[in-house]
Amino acid sequence: MSYATDRKIEPLLMAATLATLEKKPPRDLKKTKAKQDERIHALMVRAYEIPFYRARFEATGTTPEDYHTAADLYKFPLLTKEELRDWTDRELAEHPEKYRDWHVNPTSGSTGLPLKTLFSPRENAAAQANWMRVLMMGGFIPVVHKNLHRPNSLHTTTGGKKSLMARLVDTRWKEMSDSIKNRIPSEQLLREINDYKPYFLYTHKNVLVRVAKYAKENNLYLWQPKLYAPISEMLDSQSERLLLEMFGPGLLNAYGLSEVGSCATRLPGSREFVVNNDTHVINIYDDDGNPADNGMAAVTPLFKTDLPLINYTTRDRMESYRKEGIRFITAILGRMNDVIRHKDGSVTEWGNIEVVVNYATNLDIVQSRFIQESYDRIRIQLVKDPASTLSDEEIERRYTELFAPVLNHEFQFEYEWLEEIPADPNGKLRMIVCNIS
C-alpha cells in the first residue's frame, strides 16, 4: 500500500466508496445489518494486527472471532478522548514518515486540550463520501445542485485549501466569506445566501441562527434552501423553531464528530435519526457501563481501518430503540460534560434543562445559554424573538419559575439580554458553560 499514491487518487477512491453507500434510509433492515456485521468483523481482524488494540483484545480475553455484530462490541473496552490523544501523539512522534501523506483532522479543544485525529487517504476519502451520502439522502445531487458552506478549516479563513469534495464539484461548491477567524456581519452573509441561492446550505448553528434573526427583525427576504444543516453544535429547540420559520422546512440534522465523521441523520420532517449503519456503529451505555438504549453513546466508524477508532466515547447522551438489530436514535441530549454542578457533587445535565426549554416555547426566546459562575449563581444569556410582545421582566420571571425547580432552588439567576450570543473562540456555541473547575 502506498499512501502517497492513495493521496493522489483520493477523488477516485471517494467516488468508488460513495457508489457502495446506502443513499436512502434502510428498508431491508436484515440486509443493512448483514453489511454492518461483515464490516465489524473485518475491522476487528484488522485491529488485531495493531499493538494498541492487540493489548485490548488480550485484556478482555477475546479475539476477532468474538466480534461479528454491533452487540459484540460491548465486549470491547471504550476508547476515551484522552486515550486517543495520547495514542495519536505517540504515533506522530514515533512514526512521522508513515503519516506524511495522511490527513490530520484537528478538533478545537473546546473541552480541553486540542485533539488530532489521523486519517489515511483512503479513510479520508471514505469519510468525505459518507458526508456526501448524507446530503444525497436529503435529495442533494452532486455537481447538479449548488452548495454554500462555511470554510471547515480551523486554521484558515476563506480562500484556504479546498476540500476534496470542493475540488470534485468546484463550480457548484462555494465557500461563505465567514470563518472562525474572520467573522462577517449577518447582513453580508444574508446577501451571500440570497445572491447564490444554494440548494444546500451548511454552517455552524449559531451562524444560521444569527442570519435568521437578522432577517426576521429587519423584515428582510431570506432565501430558503431545499436543504440546510446546522453543524458543529447541538440543535436546541429554540434555535430549531427560528430556523424552520426563516429558512423553511428543509432542515437536515446530521450528527457526528470530526474524529468519526457523520454517523446519524435526521432528515427534514422526521423526528428520529437514522444511524448510518453501513459506515458506523452507535452503541449506548447506561451510567454503570452496561448495554442500554438510553445513555452515553460510543461510536465505531467502520471505514476507519488503517488507524481504527473502536467504541469511541462521544460524551453525548442519546435515547434510542433497536429494530431487527439496527439502532434508531430518537433524541440526542447533549454532552455529558455540559452540566450544572451542585454543592453536593451531583450534576444537572443539559438534557434535563432542555426538557424545560421545550416547555418554554411561548416565551419568545430564540437563543439561550446558561453560565454557571458559582455554586449559587447562574447567568442566563437570552436573545429575544424580534416579534415578541413580552417584556424582559415577564420573560425573566417565567424563566425563574420554570428553571428554579429543575435546579433544586439552589441558584440565583442573573439575566443578560443580548442581540446575539457570541460564539466561543472555536466558532461554536455551547449551551452550558460551567466556570467551576
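The protein chain has twelve helices and 19 strands, taken as DSSP runs numbered from the N terminus (helices are H or I with at least four residues, strands E with at least two). This is a predicted model, where local features need pLDDT of at least 70, side-chain atom pairs count only at pLDDT 80 or more, and totals for chains, interfaces and linings use all residues. Residues are numbered from 1 along each chain as its sequence is written, and side-chain values use heavy atoms, with hydrogens and water left out.

Of the 437 residues in the chain, 53% are buried, meaning under 20% relative accessible area with a 1.4 Å probe and protein chains only. The chain exposes about 19,100 Å², and 50% of that comes from carbon and sulfur atoms; the areas are Shrake-Rupley values with a 1.4 Å probe. As for contacts (heavy atoms within 4.5 Å), 65% of those with a separation of 6 or more link residues 24 or more positions apart.

Now look at a helix pair. H2 (residues 10-20) packs against H6 (residues 121-137) at an angle of about 50°, with the axes 8 Å apart; the axes are lines fitted to C-alpha atoms over the stretch in contact, and angles run from 0 to 180 degrees between N-to-C directions. On the H2 side the contact includes Leu13 and Met14, and on the H6 side Ala125 and Met132 are among the residues involved.

Finally, find Asn311 in the loop between strand E11 (294-301) and strand E12 (312-323). Asn311 is buried, at a relative accessible area of 0%. Leaving aside residues up to four places away in sequence, Asn311 touches Leu73, Phe76, Pro77, Leu78, Leu79, Tyr285, Ala298, Val299 and Thr300.

Note on methods: Buried < 20%, exposed > 50% of the residue type's maximum accessible area, 1.4 Å probe, protein only.
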